[in-house]
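Please keep the viewer open as you read on.

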Amino acid sequence: MVDFHQNKEDDERGGSHCGAKMQDMYQDPCICPDLGDLPDDISEYMNDDILRTINPDVLFGDPWLSCVDVEVTTLSDIPVPAELPAGTGIRQKREKRKLTSTTNTRNKRPRVTPTQHCTDENTPSKPRRQRPTGRTKTKAVQAEPTVTQGADTGSDPSSAEMAGLPTTPPRILHLHPAIQFITLPDTPHYQVVQTLRLIQPNTAATPTYIIVPSTSPPCNRHVPPLSPADGAVAPVQISSSPRGTLSDTASKAMTPPCASTISPINEMPTCKESPRPQSPAVLDIPQVVKDYIQEAKARTSQTCQYMEAGLSLTSHYVDVQVSQREILRSGKTANKFLDKELVAMGPTDRQKSLLRHSQIFDGSSGDTPKRYILLLGNAGMGKTTLIRKLCLDWSRDCIPQFDFVFFLDGKNLTSTEPNLSLQTILLNLSSFAPPCMDPEAVYAQILAAPKRVLIIFDGFDELRDYESLLQAQEKDLITSLQKDRKAPNYTVRQLYSAILQRTLLPGCTLLLSTRPRGTACQMLRRADSLLEVCGFTPTDVEAYLTQYFADPALGASVLDYLKNGTYLHLLCWNPGLCRLVCSVLEQSKSSEVLPRTLTGLCHRVLCLKMDEDRRNTHSQAEAQVQITVQSAEETQTPISRSSQVKSCQKNTRKSERVRTRSCTLRSRRAKNQEEEEVDEEEKSVSEEEDRTEERELLSQLSYLAWEGVKANSSTLPTGQTISDKLKAFGLRTGLVLSHHLRTRQTVSSRAQREEMGSGGRDTENSHSGDDLILLWANPFLQSFLAGIHLSMSRTVSDRTFLQTLPFHSAQKGRRRPQREELELTQRFAFGLLFYNRTELRRLHTGCTDTAFRDMVVGKQALVTKHLEGLSYGDLSPAQVLEACQYGYEASFTQGDGSRNRGGARLVAHLAANLPEILTFHGVPLNPSDVFAVQNVLERAGTEGRSFCLDLEDSGIQISGLRALVGLNNINTYRACIADVITLWEQLEQGGEEGLFQGAVSKLKIHPLKATQVCHIEHLAKLVNIHVHKRLSDSSSQSDSIFAEGVPAVKELHKLEFELGPEKGPLALTKLWELLPGLHNLQHLDLENSKIGDKGAEKLSDALASLCFLEVLNLSQNCIGDQGVMKLAITLMYLPKLHCLSLYSNVISDEGAESLAAVLPHVASLTDLDVKYNKLTDVGAQSLGASLRNCKKIKSLRMWNQCIPYGVLERLQQQDSRILWQ
């Protein structure tokens, strides 16, 4: 028996709730099983033999046994005595205890008679063991009066008990309310471990733990060792409810199933190995919550089917690829742009990082599941569609790890009223949440199992929207949120921020979608998974066209027609643009010329939408007129019809009179014809008025689109008054969509729904509790309308227009990356200025044709002057790409597909002034970008210019790489080595020997800076091709091309290994293997790679083949004396080595002496750096003495804190080549 002293305040607080807790324990069979009668004097069982078998440090050092609410996972360290101690005399002591216990009746529960404990007189009593004489009583005896028990009857256990079968019904044990029993389940080695918390009245609360051993089993037992074997885990399961106030439903859901335990007075059952208890994967969920989950899944399945007009996920969805991305963890992440921090991936590496939808929430290689996931993708890449597909999969039980999925829209941030709580924002504002009949029970289940909750954030246009929500909140607000989550006192922004910062529901999984541009200092610290939507592959484009066009023959012809229009086919890599291309192909006639630019595509889509709206409006007007005529005819009464019959009979009698009036009828017909001509004129005038009104409405929408681009918002501004006519026009044309924000509490009970008269279903689909906002339907059309405003609005002055042009700062490396919407708007503005003026006139109103022509010509001259004044050598790679895009948009924007003269002039100027070393390093190149660059390079080739291309870290596809490498005016190129090898394999399989030979000879990899493990792996493959002189073991067609190896490997003179101390060791093995193949390597930089002595030994073996090595940098590599000794021997076989750096290693005097011994034999060495090592004056003097025999060495740096100042100063006076720094 061991006492544990705790704080008096904790015990008093725990004792105040003791009675209530014990009342619950009495009624819970899992907490208070049949324990039988406990002996009066427990100390008899705790003799020396028993105590010697118990390790107090292991047993009572456990935090669970120290009254801490933690979960015990193993009890294998607690040994059990071989047999139960026997004794007598307990009954006499119990009778004596009855006489002395009457003084404390006021602090006890009413005594229960022995007959109340057990009515069976044949129930055997537990064997007794007499306490040794002379032993003093322990604290257990002093605390014993708080336990009241009845006397046992009988003396010997029955045979049934020996077999582990109970022979009597369970007996009720009445204890003092201050006693708490914690019973552990049965295990193969332990019977029962019980914890008693005994509190004496009017004394300090001191918990007492009593260990009750079991009796000897009747069969052969396996005696466990005193210490468990390595890796052994005791199969014990202990579950407890977490602290906090929960509803009864949540508490019951959290209570695990409890198996009945064996009474300490009963014997163990047969010694059969019991199975290891398994923790339940899912907590018990109340039926009302299960019903809500099923309703949520049904509503999600119904809502997520819709994609856009006429399309659904079931019939038109194409599974886009999702890749796992990594970020460069170099330096601080503050104020860094996410798109610059992402590790660039080529198509070959991207294929290896692709994830299935079921793997999005799983950890890599069975690690902890991802809880903070960031889904990246540019405009139109299908982020929202992918999220809807994930929700649809959840509704079909394809994502079983989540019970709840909540979809929170970023557009809800427009609501600023502080009338929400976490419960209402999840159950009411979530887009797919159905009406809840019991929100308290559902909310309690959410709090009880947050790990089974997925919260999706969508509708955020940029990373900065998340960054603003991740700013630190006030402490008072955080405290209030954590204290009372149900209080409706918070705004949407405060609750969103609390969820994103893990203040609320910290265990849930978050999925956030956004575009990759912008600062992400807060996001990079929190996200544990970065995913990117990759867009459509050529196979995906074909699948989308097949699903879009119901007729297979039509789909096949459209695909062939699309492949002929090369640029449109390349635009289809973006799912949003692919949808626009399909709409144009669906409504275009075979005689029409397809658009050849992005500006032409969006202009065609806009014209088709306006024409369709015009036809629908005209047909609706005619239908209204017809309905009016029919209604007028139907209102005729029977009396009027009878009068018509009578008049007809009267006219028949007077036929002669009608003939005489024929001349009058002819004159009336002529008059009617004149009236019809007047109607036609009025109709044409009315149509012209309608077109004018249409252009005026389009101009207003264009202004609103430009305001949205400036504000980086896809929502029409709510602060400005938008006329009903403008709203109707935007909704009819499909340029604008209406969105319902769920801002009020939905009906939460069946009775309330029935009161509304809909039976529940209509109420769910109604938007009576929603606010209506207007959204731009397509980001490309929004930017196109903004470009219309910039290029053709009279309100935009030349000065304002010039300030919105790209390259305004025109300083390399100092320009902040622009937002995607602004870049698209500038691109459309360029294209519209050089577009067909007749087509542009349909989009503009308010001035004469002459004034419109003068305005367009003036802005064309302004743009041309701006671009011709740029110094293209000072532009960044991203700006060079933009210039190529603008030049292409301006040159192919005529209605018939011909070149514009002004645009052709811009392209000619651009081709003549591009730098010869054209780099797109680190700039993502999609297929349409490659086509624009190819157009400029082809134009430059006609003027005799040639270029060296740098396409590293651009993610260019294999088809684009092939198109650029195949140009005749490309002298050399750099690209991802893995993608280059894939291109070679495709060219070899296609039999294109000429292009294959050019792709091999043009490749350059010097100098090579390896910053990722994959860079070394790719280099190893290239070196393997160089050494074996063939592309693969099964390939023999390339033997002639690789007869002398790979020229790029032969010309590699500098290799920088910059993976750092974390990733460096992962690639060292590959590095040691490939180094012997780099015979012409002159510069090897392995700084801060932590190769150690073993790595130095491996390096020394590889250096023997590098006879042209001149510079070797081994700084900060933890190289000691053993590594230096091995390297020193190799240095003598490097005849051209002139610079060796061993800065900041762990070289001591022994290593210095080995270096000093070989320095005279390294004839070409001129610079040696051994600063910041562990040299003392002994090693310094050895190197100084050796330096006298090295006439070619120009500098020796060896300062460190271990060398006395006087020694180093004296050595420097003796030889001036010894430097301090």
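Let's start with a strand pair: β10 (residues 404-409) and β11 (residues 453-458) run parallel to each other over six bridges. Strands here are DSSP runs of E with at least two residues, helices are runs of H or I with at least four, and both are numbered from the N terminus; two strands pair if DSSP finds at least two bridges between them. This is a predicted model, in which local features need pLDDT of at least 70 and side-chain atom pairs pLDDT 80 or more, while totals for chains, interfaces and linings use all residues. Residues are numbered from 1 along each chain as its sequence is written, and side-chain values use heavy atoms, without hydrogens or water.

**Strand β10**
- Six of the six residues of β10 are buried, so the strand is largely enclosed by the rest of the structure; buried means under 20% relative accessible area, exposed over 50%, and partly exposed in between (1.4 Å probe, protein chains only).
- One side of β10 carries Phe404, Phe406 and Leu408, and the other Val405, Phe407 and Asp409.
- Phe407 has Ile456 of β11 as its bridge partner.

**Salt bridges**
- The structure holds 20 salt bridges, each a side-chain nitrogen of Lys or Arg within 4 Å of a carboxyl oxygen of Asp or Glu.
- Asp403 and Arg452 form one of them (2.7 Å, N to O).
- These partners lie 49 residues apart, Asp403 in the loop between α14 (383-395) and β10 and Arg452 in the loop between α16 (439-448) and β11.
- Both Asp403 and Arg452 are buried.
- Asp613 and Arg732 also meet in a salt bridge (2.7 Å, N to O).
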